[in-house]
Amino acid sequence: MTVKSVSVATSTKRGQSAAERRRQIAERGQQVVELYGSGMSVADVAKRTGCHPQTARADLGDAGVLIRGTNKPQTTSRTCERDGCENVFRPTPAQLRKGFGKYCTRACDHEAHRIHPQAEERVCARDGCEERFTPTGSNVAMGWGKFHSKRCSALSTDAHRRKKGREVECRNCGKTKWRYDSTIGAGFCSHECWGKYRWRNRGETISPDVVSLVRGSARQKWYGRWNAHKGAAAGIEGGREGGRPAKATKKQAAKCWSLHGEGRSTREIAAIVFGDARYKDRVARIVRR
Ligand SMILES: [Zn+2]
Ligand SMILES: [Zn+2]
Ligand SMILES: [Zn+2]
């Protein structure tokens, strides 16, 4: 593309009338806006019109043209269109291009398009539930929104009231829980409790599914039990000899216990007693006993 030389003299010349000068400036300004509008950069426009880039910039500013690719805001401020919201904000250029940017926030947008009036805070309708909650407007319009949770709703149905149940005490952990008559079964609160009960009281083995074997200590302990090793592996005091000798002396172990009682972390205890926080696992083994 050949650079078309534009002879718009902008320097003041002796003997030039003021009117002539004004005309020249106006002409240059027009040229700058046109060239910039065609996609040229400010520097190129300045080169083409023979003025300083700052001058070209000033011309664009006077004409109200926004400079591309600057940090200067590309849009003007406006007030949120929602009734009752006075927030002044500036939409993004992309929003304006798509015809958005009417509301200051997403919340205001939603509020402006609200179909049902906003509901008031209320108390859950289930007997014995004191939970306060705010239902959605549409829920109230549908005649719903009485219970704070699906659980409370289910417990308030006639089908539930017809069901019979009672408080049952777990035979393993002793926790009481309200159960339907149909689900009381053997009287345990959970499958885990049932497994523990079998191990303690009936001498039955426990399936690996019941016990997590993620930790090494769990593997060591429970695999021993499945293989009927009763002794140290099963945590029985004075039982089978085994394992590597304890690294910590009795005094150190006692120190660990007292610090553990103070609520220190295993890392802190290890640093104090063994001189290095990396002995945290040793502390954990002592404290677990
Ligand atoms: Zn708003
Ligand atoms: Zn409730
Ligand atoms: Zn239990």
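Reply: Helix H12 (residues 266–273) and helix H13 (residues 280–288) have axes that come within 8 Å and cross at roughly 105°. Axes here are lines fitted to C-alpha atoms, for helices over the stretch in contact, with angles from 0 to 180 degrees between N-to-C directions. H12 and H13 are therefore roughly perpendicular to each other, a term that covers angles of 65 to 115 degrees. Helices are DSSP runs (H or I, at least four residues), as strands are (E, at least two), numbered from the N terminus.

On the H12 side, Thr266, Arg267, Ile269 and Ala270 meet Lys280, Arg282, Val283 and Ala284 of H13; contact requires C-beta atoms, placed from the backbone, within 7 Å. By class, this contact has four nonpolar, one polar and three charged residues. Ala, Val, Leu, Ile, Met, Phe, Trp, Tyr, Cys and Pro count as nonpolar, Asp, Glu, Lys and Arg as charged, and the others, Gly among them, as polar.

The model is predicted; local features need pLDDT of at least 70, side-chain atom pairs count only at pLDDT 80 or more, and totals for chains, interfaces and linings use all residues. Residues are numbered from 1 along each chain as its sequence is written, while chains are lettered from A and ligands numbered from 1 in the order in which they are written. The mean pLDDT (the predictor's confidence in each residue, from 0 to 100) is 82, and 81% of residues reach 70 or more. Over residues 1–10 pLDDT stays under 50.

The protein has 13 helices and six strands. Its largest nonpolar core has nine residues: Val32, Leu35, Tyr36, Val42, Val45, Ala46, Cys51, Ala56 and Leu60. Such a core is a set of buried Ala, Val, Leu, Ile, Met, Phe, Trp, Tyr and Cys residues joined through C-beta atoms within 7 Å; buried means 20 or more other C-beta atoms within 10 Å of a residue's own, exposed 12 or fewer, and partly exposed in between, with C-beta atoms placed from the backbone. Helices H1 (18–37), H2 (42–49) and H3 (53–62) each supply at least two residues of this core. Apart from it lies another core of six residues, including Cys256, Ile269, Val273 and Ile286. Of the 289 residues of the protein, 10% count as buried.

Notes. Angles under 35 degrees count as roughly parallel, over 145 as roughly antiparallel, 65 to 115 as roughly perpendicular and the rest as oblique. Two residues are in contact if their C-beta atoms, placed from the backbone, lie within 7 Å.
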